[in-house]
Amino acid sequence: MYTQSLSIPDGEAKGPRKVENPDYLAEFNAKIDAGGFIEPKDWMPEAYRKTLIRQISQHAHSEIVGMLPEGNWITRAPSLKRKAILLAKVQDEGGHGLYLYAAAETLGVSRDELYEALLSGKAKYSSIFNYPTLNWADIGVIGWLVDGAAIMNQIPLCKCSYGPYARAMIRVCKEESFHQRQGYDLLLQMMKGTEEQREMVQDAVNRWWWPSIMMFGPHDKDSVHTDSARWGIKRISNDDLRQKFVDATVKQAEVLGVSLPDPALKWNEARGHYDFGAIDWDEFWSVVGGNGQCNVDRLAARQKAWDDGAWVREAAIAHAEKHSVRQQQAA
């Protein structure tokens, strides 16, 4: 989708594109300051390119790993309607991964390299997907809280300074809005059901609330990736996004009829925002470091999918080579 018409001559991508020329840098900064988009054939600082590869690939990895917590519930959904909705949602997430890997490829990195980094553990994905889905209510809470947090993170990316990433995010955000609405609708229906169903919803909210607000990353003062804001890749800070999410979600929880598991959560009139309790950053960094409940299982599932799909990749390459030979012969 984003790799078409990028016939950059051999050596050019690794030559002039990487030269830290002051004139090129001034032109690049001027375009960023004016709110313009950087395109794949434009000159860019090497640090900018590497930052984009890290962020976009991590986003892509999160999408395809994010299919796993919900995928094993498709056959166990309580109705044909819910099966179809969940199947569409998981399918969307696979598509999001495709858009994002394609966007990353415009930066001169291959999809094989990106996937190898994921499977080796070198590249990270969102820590939220290392928590288990224990019951059907978890599927609704993932849609409401996890996808809600994702939307809060992703809408500003539609204005990202790198064109292919920004354009991919427009469609991603539209589909994520559907994901959030279906999750909330699922929970509303359960809250109208039996006492056992209402308890299931509350239990799921209790387990997913804190991991959801961890999704925005460490506090701004502790973040090591500060260049994203300077280059217009990330437009809003971690803490500001987290606050917006909390403010929006408290009202939704009231309508739903559930309580959020934070005794410190209260409205602060002076700030015009909700105050909330301290985040357990030890848990966050432990999960990021590979010690979550599902870290091993998630990577094992992706490794199995990669291995099982080898014949498809080989067949596609063989077909492309055969088609290329035919074209040459016809010419």
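View 1. Cys-160 is in no disulfide, and the nearest cysteine sulfur, that of Cys-158, is 9.7 Å away. Cys-173 is in no disulfide either; here the nearest cysteine sulfur, again that of Cys-158, is 3.8 Å away. Cys-160 counts as buried because its relative accessibility is 0%, and Cys-173 counts as buried at 8%. Buried means under 20% relative accessible area, exposed over 50%, and partly exposed in between, with a 1.4 Å probe and protein chains only. Residues are numbered from 1 along each chain as its sequence is written, and side-chain values use heavy atoms, with hydrogens and water left out. As the model is predicted, local features need pLDDT of at least 70 and side-chain atom pairs count only at pLDDT 80 or more, while totals for chains, interfaces and linings use all residues.

**View 2. The crossing of helix 6 and helix 7.** The axes of helix 6 (residues 136–154) and helix 7 (residues 163–191) come within 7 Å and cross at roughly 145 degrees. The contact of these two helices involves 13 nonpolar, 9 polar and 2 charged residues. Helices are DSSP runs (H or I, at least four residues), numbered from the N terminus. Axes are lines fitted to C-alpha atoms, for helices over the stretch in contact, with angles from 0 to 180 degrees between N-to-C directions. Nonpolar covers Ala, Val, Leu, Ile, Met, Phe, Trp, Tyr, Cys and Pro; charged covers Asp, Glu, Lys and Arg; the others, Gly among them, are polar.

**View 3. The second largest pocket.** About 360 Å³ of space lies in this second largest pocket. Its lining has 14 residues, and Tyr-101, Arg-111, Tyr-115, Arg-302 and Trp-306 lie nearest the centre. Helix 4 (80–105), helix 5 (111–120), helix 12 (295–308) and helix 13 (310–330) each supply at least two lining residues. Helix 4 gives the largest share, 4 residues. By class, the lining divides into 7 nonpolar, 3 polar and 4 charged residues. On a 1 Å grid over the protein atoms alone, a pocket is an open set of points with protein on both sides within 12 Å along at least five of seven lines, a cavity is a set where a 1.4 Å probe fits but cannot get out, and lining residues have an atom within 4 Å of a point.

**View 4. The largest cavity.** The whole structure has 1 cavity of 30 Å³ or more. About 30 Å³ of space lies in the largest cavity, where a volume is the space filled by probe spheres set on grid points joined across faces, edges and corners. Pro-69, Ile-128, Phe-129, Ile-142, Val-146 and Trp-208 line the largest cavity. This lining has 6 nonpolar residues and no polar or charged ones.

View 5. Lys-192 sits in the loop between helix 7 and helix 8 (195–214) and counts as exposed because its relative accessibility is 64%. Lys-192 and Gly-257 are 65 residues apart in sequence and 9.9 Å apart in space, C-alpha to C-alpha. Phe-216, in the loop between helix 8 and helix 9 (227–230), is buried at 2% relative accessible area. Leu-98 belongs to helix 4 and is partly exposed, at 45%.

Notes:
A disulfide is a pair of cysteine sulfur atoms within 2.5 Å.
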